[in-house]
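Please look over the sequence and the structure shown here before reading on.

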Amino acid sequence: VELRRSGGPWTLYQEADSAPDAENRWMGSSAMNGNGECALDYSVSSTTTFPGIRYVGRTSGNSLGTLPLQKQICINGLASQTFIDRWGGYSSMNVDPVDDLTFWYQRIHR
């Protein structure tokens, strides 16, 4: 979701989703850099996929409401979790304040 405001109230500028397969997605976070490029990370799992982390994105030149950079793998899980009652705690996608271009992703477990 991208909201914009130009003098009046905030309005919805664009929105998109990414669910091209049967994997479950949760704990998403997103950011937009100074070039208008967006990155969205999320956790993923299914009956055939161990829990892992993926990301999708778009450049400023892509059509509104699309995420053409589809399902890139950040971390593939190696096994299912056992004896642990949660997956992560917080997820955060941020843009480097020095160059306003580089995306940084952080997952915190507490």
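A residue is called buried when its relative accessible area is under 20%, exposed when that area is over 50%, and partly exposed in between, using a 1.4 Å probe and the protein chains only. The model is a predicted one, in which local features need pLDDT of at least 70 and side-chain atom pairs count only at pLDDT 80 or more, while totals for chains, interfaces and linings use all residues. Residues are numbered from 1 along each chain as its sequence is written, and side-chain values use heavy atoms, with hydrogens and water left out.

Trp10 counts as exposed because its relative accessible area is 56%. Together with Val1, Leu3 and Leu12, Trp10 makes a nonpolar surface patch of about 480 Å².

As for the whole chain, the protein has 8 strands and 0 helices, and its C-alpha atoms fill a box of roughly 50 × 30 × 25 Å along the principal axes. Of the 110 residues in the protein, 25% are buried.

Leaving aside residues up to four places away in sequence, Val44 touches Glu23, Asn24, Trp26, Phe50, Pro51, Gly52, Ile53 and Arg54, a contact being heavy atoms within 4.5 Å. Val44 and Pro68, which are 24 residues apart in sequence, lie 19 Å apart in space, taken from C-alpha to C-alpha. Among contacts in the protein between residues at least 6 apart in sequence, 37% join residues at least 24 apart.

Finally, we turn to the backbone. Most residues other than glycine have a negative phi. Met27, however, has a positive phi near 55 degrees, although it is not a glycine; Met27 lies in strand β3 (residues 24–32) and counts as partly exposed because its relative accessible area is 23%. Asp100, also not a glycine, has a positive phi of about 55 degrees. The place of Asp100 is in the loop between β7 (90–95) and β8 (103–108), and Asp100 counts as partly exposed because its relative accessibility is 38%.

Methods. Helix = DSSP H or I, 4+ residues; strand = E, 2+ residues; numbered from the N terminus. Patch = residues over 30% accessible without salt bridge, like charges linked within 9 Å, V, L, I, M, F, W, Y side chains within 5 Å. Areas by Shrake-Rupley, 256 points an atom, 1.4 Å probe, with all protein chains shown as cover. Salt bridge = Lys/Arg side-chain N within 4 Å of Asp/Glu carboxyl O.
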